[in-house]
Amino acid sequence: MLGRMKLHVRAAPNAHRSEVIGWENDARSGRVLRVRVAAPPVEGKANAALRDFLARTLDLPRSQVVLDRGNASRLKCFEIPDGTPLP
């Protein structure tokens, strides 16, 4: 079984389109990936859209992208397989 690594993401919902903005340093989490998501932050829609977008972007099955922390926050932590190439 492969190990898992943490991917910290700062999400911006209600964007015109889903896209990766780039990396930035966060005082709390260290290095985070900024991502815009074309879904509203209502009833988990933005979280589901972000998970799907990350899976497509990282060329992973959706089941391999797991939201670990940050369900109701813009700062989220996902678990992905170790060694996954990051943008």
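Trainee: Is E24 buried, exposed or partly exposed?

Mentor: Good place to start! In this predicted model, E24 is partly exposed, its relative accessible area being 25%.

Trainee: Which residue forms a salt bridge with E24?

Mentor: The general idea comes first: side chains of opposite charge can pair when their charged atoms come close. Here, E24 pairs with R34, and their closest N and O atoms are 3.6 Å apart. The two sit 10 residues apart, E24 in strand 2 (residues 19-26) and R34 in strand 3 (residues 30-36), and link distant parts of the chain. R34 is partly exposed too, at 31% relative accessibility.

Trainee: How many salt bridges does the structure hold?

Mentor: There are 10. One of them joins R4 and E79, with closest N and O atoms 3.9 Å apart. R4 belongs to strand 1 (residues 4-12) and E79 to strand 5, so this pair ties together parts that are 75 residues apart in sequence.

Trainee: Which residues are linked with R4 and E79 in a network of salt bridges?

Mentor: K6, D68 and R69 join them in that network.

Trainee: What about K76: where does this residue lie?

Mentor: K76 is in strand 5 (residues 75-81). K76 is buried but has no salt bridge, and the nearest side chain of opposite charge, D68, is 12 Å away.

Trainee: Which backbone oxygen lies 3.5 Å from a polar atom of the K76 side chain?

Mentor: That oxygen belongs to N71. Leaving aside residues up to four places away in sequence, K76 touches several others, including L7, V9, L50 and L67.

Definitions and conventions: Residues numbered from 1 in each chain as written. Predicted model: local features only at pLDDT ≥ 70, side-chain atom pairs only at ≥ 80, totals over all residues. Heavy atoms only, no water. Helix = DSSP H or I, 4+ residues; strand = E, 2+ residues; numbered from the N terminus. Buried < 20%, exposed > 50% of the residue type's maximum accessible area, 1.4 Å probe, protein only. Lys, Arg positive; Asp, Glu negative; His and termini not counted. Salt bridge = Lys/Arg side-chain N within 4 Å of Asp/Glu carboxyl O. Polar contact = N/O pair within 3.5 Å; in protein donor to acceptor, adjacent residues only side chain to side chain. Contact = heavy atoms within 4.5 Å.
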